[in-house]
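The report that follows is meant to be read with the sequence and the 3D structure at hand. Please look at both before going on.

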Amino acid sequence: MDQLGAMRAFVRVVQTGSFSAVGRELNTTQATISKKVAALEAKLGVKLLTRSSRDISLTQAGTDYYEQTIVMLAELDEVEARVRSQVATPQGILRVTAPVAFGRLVLAPIVGEFLEKYPDIKVDMSLGDRHVDLIAEGVDVAIRARKLEDSSLIARHLFENPMLLVASPEYVKLHGGPREPADLKRHNCIVYSLLRTGNYWHFTHQGKEISVPVTGTFQSDSGDTNLEVALSGLGITALPIWMVNEHLQSGKLVQLLSDYKGDSIPFNAIYPQNRYVPLKVRCFVEFLKEKLAGSTLFR
């Protein structure tokens with residue numbers, strides 16, 4: 001039995017929740033992956049997974065084995081990557097997660113250049129605004145607007161993320177625009193529901209920090225959706241400059257309270273903290289830093 005291959009298959013089954021998905025990923029069949037995991041269970045003498053017609057779940061022994069295995073495989077991959085970096089180019093599947101809007105507006109236009117530069121890498125990108133567990137879900141790099149709170153992760157700063165207050169010209173014509181942050185209390189505000197600060201928008205003006213509670217008839221966990229709702233004329237929203245620049249230039253949106261500085265949460269590339277960072281991860285992060293440093297999207 002190829003124990004290392006069986007261990008990798010087992011880890012991916014846990015992360016994807018599907019034997020067939022892992023089979024497609026590894027260019028083989030669901031039955032082959034199932035046999036690999038069964039052989040691993042036979043060798044260990046314990047049941048790792050409980051299978052039903054709709055679900056796959058870990059046994060207690062499987063949970064313990066999975067947690068140790070992902071650490072061991074990560075360290076093995078990192079050692080190999082470090083050795084290869086001296087004689088070879090980066091290679092393998094790079095699993096990246098990022099917010100939907102960032103993936104669409106920032107990553108999609110430049111990923112082709114990255115793959116052309118590193119032809120032995122394949123990118124598997126998952127887009128969503130929720131914060132994932134990198135280790136549990138087998139993610140190499142997460143691009144997030146957040147402050148690092150987990151000591152098991154490393155954050156590499158990519159750029160600052162200034163938020164602008166915007167609305168459509170039609171909304172402003174009907175309801176007027178706020179002259180100061182306190183005026184937002186009487187406006188229909190489109191809120192991003194994943195904000196850690198809740199329904200509070202924060203500003204800085206002449207060295208003074210201001211927090212305003214906002215409410216409205218619509219909120220969502222998607223910046224893209226909030227942008228479209230604002231474009232429709234429903235209300236005022238706060239979005240990163242790189243999401244709204246195009247619409248400000250075309251006149252589809254107008255900036256409000258421009259004398260007040262909104263929140264600026266740093267955008268980071270986040271990856272697990274291990275002794276050796278895989279070469280594919282290092283190359284991707286350095287590529288992003290280089291490309292984004294010269295971009296006009298964030299100014």
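Is strand 12 (residues 236-240) largely enclosed by the rest of the structure or exposed, and why? Strand 12 is largely enclosed, because 5 of its 5 residues are buried, where buried means under 20% relative accessible area, exposed over 50% and partly exposed in between, with a 1.4 Å probe and protein chains only. This is a predicted model, in which local features need pLDDT of at least 70 and side-chain atom pairs count only at pLDDT 80 or more, while totals for chains, interfaces and linings use all residues. Residues are numbered from 1 along each chain as its sequence is written, and side-chain values use heavy atoms, with hydrogens and water left out.

Helices (H or I, at least four residues) and strands (E, at least two) are DSSP runs numbered from the N terminus, and two strands pair if DSSP finds at least two bridges between them. Strand 7 (residues 163-167) pairs with strand 12 in the antiparallel sense over 4 bridges, with M163 opposite P240. Strand 8 (residues 189-192) runs parallel to strand 12 and is joined to it by 2 bridges, with C189 opposite I236.

Rings of Phe, Tyr and Trp (its six-membered ring) pair if their centres lie within 6.5 Å, and planes under 30 degrees apart count as stacked, over 60 as edge-to-face and the rest as tilted. By this rule there are 10 aromatic pairs, including these two:

| Pair | Centres | Planes | Class |
|---|---|---|---|
| F102 and F267 | 5.0 Å | 25° | stacked |
| F159 and F267 | 4.9 Å | 10° | stacked |

F102 in helix 5 (residues 100-117) and F267 in strand 15 (residues 267-272) are 165 residues apart, whereas F159, in strand 6 (residues 153-159), is 108 residues from F267. F102 is buried at 0% relative accessibility, and F267 at 3%. Ring pairs link F102, F159, W242 and F267 into a cluster.
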